[in-house]
Amino acid sequence: MPSLPRSIAHLDMDAFFASVELLRYPQLRGRAVVVGGRRAVAPIEGDDFPHLRGYSGRGVITTATYEARALGVHSGMGLMKAAQLAPDAILLPADFDAYRHYSRLFKAAARAIAPQLEDRGIDEIYLDLSALNPAGSREGARALALELQQAVRGATGLSCSIGVAPNKLLAKLCSDLDKPAGITIVAADDIPARIWPLPAKRINGIGPKAAARLEGLGIASIGQLAAADPAWLQEHFGSRYGQWLHDAAHGHDNRPVVTESEPKSLSRETTFERDLHPRHDKAELSARFTRLCEQLAADLERKGYLGKTIGLKLRFDNFATVTRDQTLAAPTGDARVIRRAAGECARRVPLERRIRLLGVRASALSRRDAQPDAPDTRPIQAELFA
């Protein structure tokens, strides 16, 4: 029996974090809004909201509205640099609990239409539409994409953009072509006209370093990459990556949509607005540390896992990063056990410098329903690493 033609969708929420904030503050629609950092900034005189010009610290942008992006700011940019480019942009602190809530809502709405769903993060998913569009027609793909958009908007009030293509690589690339609220359908015979003129760096898997190296070799577009000799690419980029570059430029990708995948670990971390001293800021560090362990325990419970190995991550003011792990006698999801194990890890680290980042991690995961978790009823210690 012949297999169905593949029809893979990549659904990407539009400016997700910022869009969630606009549900809360609809009066900001149409304005340049940046979401970043974890602490609120005081509003400026004459406005109900803080502006980037009032920010001082080392936070980064998690997302920005399209009006803000037009001013040159983007995700991952430092807020101080963004303040130089767009001082009048509104600055809102990130609220990840709200973003995770809306993430669950949009994924449930999409799964109700297309059950073959691969979760790729808080704001994006892949969907295998092959069985829902057995002829592989453009009309069928567009109808399904429109149905998905309407379902997501009905469940969340938010918009998304969808790319539909024969594989995941092309679908992800296409979902970004007509944002916001776009639907882009690409078949194999569309690749020369629609895909090859795009910059090579638009391919997921070509990072900044590889893109810069390609440009240094005279390859700026996907079409130029497609025209390059595979042997020449392998000579410059190695056998495996060079062959992948050639295949990707021609739109080849056989990866399946993976509906069930077990995570290797779960973690929580935070970067402080100011470096915290292990002794002078002990109370604040302790509270932050406890909160991270509680959040990690909540994540484990929500996802149905226990962790047997607990890890600690510290980044100091000189950017040196250290990690330590401790394997427990039995898996746990209890915040107290996590807190105590991570504290034991901390005792193996010289705490002589101010701390910039603190994180906790649970790995060696197992399903919660496969074995009971033995909770530790002793109180969480008040001191940081006690």
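Lys168 lies over the face of Tyr126, 5.0 Å from the ring centre. A charge sits over a ring here if NZ of Lys or CZ of Arg is within 6 Å of the ring centre and within 35 degrees of the ring normal.

Before going on, a word about what you're looking at. This is a predicted model, where local features need pLDDT of at least 70 and side-chain atom pairs count only at pLDDT 80 or more, while totals for chains, interfaces and linings use all residues. Residues are numbered from 1 along each chain as its sequence is written, and side-chain values use heavy atoms, with hydrogens and water left out.

Now step back to the whole chain. It has 13 helices and 12 strands; these are DSSP runs numbered from the N terminus, with helices (H or I) of at least four residues and strands (E) of at least two. The radius of gyration is 23 Å, close to the 21 Å that the globule rule gives for 386 residues, so the chain is as compact as a globular protein of that length. That radius is taken over C-alpha atoms, and the rule is 2.2 Å times the number of residues to the power 0.38. Along the principal axes, the C-alpha atoms fill a box of roughly 65 × 60 × 50 Å.

How much of the chain is buried? Of the 386 residues, 47% count as buried, meaning under 20% relative accessible area, with exposed over 50% and partly exposed in between (1.4 Å probe, protein chains only).

The structure holds 8 aromatic pairs in total. Rings of Phe, Tyr and Trp (its six-membered ring) pair if their centres lie within 6.5 Å; planes under 30 degrees apart count as stacked, over 60 as edge-to-face and the rest as tilted. Take Tyr25 and Phe49: their ring centres are 5.2 Å apart and their planes stand at 80 degrees, so this pair is edge-to-face. Tyr25 is in the loop between H1 and S2 and Phe49 in the loop between S2 and S3, so the pair ties together parts 24 residues apart in sequence. Tyr25 counts as partly exposed because its relative accessibility is 26%, whereas Phe49, at 9%, counts as buried. Phe237 and Tyr241 form an edge-to-face pair too, with 6.1 Å centre to centre and 65 degrees between the planes. Phe237 is buried at 12% relative accessibility, and Tyr241 is partly exposed at 26%.

Last stop, the cysteines. How many disulfides does the structure hold? There are 0, a disulfide being a pair of cysteine sulfur atoms within 2.5 Å. For Cys293, the nearest cysteine sulfur is that of Cys345, 10 Å away. Cys293 is buried, with a relative accessible area of 1%, and Cys345 counts as buried at 0% relative accessibility.
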